[in-house]
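The sequence and the coordinates come first.

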Amino acid sequence: MKSRIVFYLLIFISLICLYLFVSNGKMANVKDERIAKLEAEIVQLQDSVKNTQLKVLEMQYFSLENNDDALAYYDHLDLNDPSRYIADKLLETNETKGNNPLVPYEGMENDFKINKIKVLNHKWILTDFSDGKYWGELLIKYELKDDLGVDFTLLDHLLYTRSQ
């Protein structure tokens, strides 16, 4: 009787070991597939990050912050961030009542105000303006004087038409 109990116990233990061995192999295969899939995703994401970094570098090409030759024009001035200073001075033109004086259009829904500003170099600014429904862009020439005053001159403009 004792020998049969030991025999059944050995068979039961060997079945458990066989089950664990088979399921462990399947789990290892599943995990290996998952690891391979995640490694492929990592490679794809790294490529995506590199492409995004290249696009950012391309977009920053026309920027005062990255143009040492243009920044040299402002070395004699005590400005930490000339681009930010010029953008702030341009945004101050929005504070006038009514349309921004640099925008050559009358606002249709509200007053036209400058929204986004891109300081291209030591002479030009590209801006976006809108009244909430209609929008357009301006090319502005500016001059930053030694007394930190800024003169803005409109070079060109466009107003997008709504297609409806």
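In this predicted model, Leu-148 lies in the loop between strand 3 (135–144) and strand 4 (150–159), and its phi is near 65°, a positive value in a residue other than glycine.

Helix 1 (residues 2–59) holds Ser-23, which is buried because its relative accessible area of 19% falls under the 20% limit. A polar atom of the Ser-23 side chain lies 3.3 Å from the backbone oxygen of Leu-20.

Ile-11 also has its place in helix 1, and with 34% relative accessibility Ile-11 counts as partly exposed. On the surface, Ile-11 belongs to a nonpolar patch with Phe-7, Tyr-8, Leu-15, Leu-18, Phe-21 and Val-22, and together these residues have about 750 Å² of accessible area.

| Pair | Centre to centre | Angle between planes | Class |
|---|---|---|---|
| Phe-7 and Tyr-8 | 6.0 Å | 55° | tilted |
| Tyr-61 and Phe-62 | 5.0 Å | 85° | edge-to-face |

The planes of Tyr-61 and Phe-62 stand at 85°, and the pair is edge-to-face because this angle is over 60 degrees. Both Tyr-61 and Phe-62 are exposed, and Tyr-8, a member of the tilted pair, is exposed with a relative accessible area of 53%. Elsewhere, Tyr-105, Phe-112 and Phe-129 form one aromatic cluster.

Methods: Residues are numbered from 1 along each chain as its sequence is written. This is a predicted model: local features need pLDDT of at least 70, side-chain atom pairs count only at pLDDT 80 or more; totals for chains, interfaces and linings use all residues. Side-chain values use heavy atoms; hydrogens and water are left out. Helices (H or I, at least four residues) and strands (E, at least two) are DSSP runs, numbered from the N terminus. Buried means under 20% relative accessible area, exposed over 50%, partly exposed in between (1.4 Å probe, protein chains only). A polar contact is a pair of N or O atoms within 3.5 Å; within protein, one must be able to donate a hydrogen and the other to accept it, and residues adjacent in sequence count only if both atoms are side-chain atoms. Patches are made of residues with over 30% relative accessible area and no salt bridge: like charges are joined within 9 Å, nonpolar side chains (Val, Leu, Ile, Met, Phe, Trp, Tyr) within 5 Å. Accessible areas come from the Shrake-Rupley method with a 1.4 Å probe; for residues, only the protein chains shown count as cover. A salt bridge is a side-chain nitrogen of Lys or Arg within 4 Å of a carboxyl oxygen of Asp or Glu. Rings of Phe, Tyr and Trp (its six-membered ring) pair if their centres lie within 6.5 Å; planes under 30 degrees apart count as stacked, over 60 as edge-to-face and the rest as tilted.
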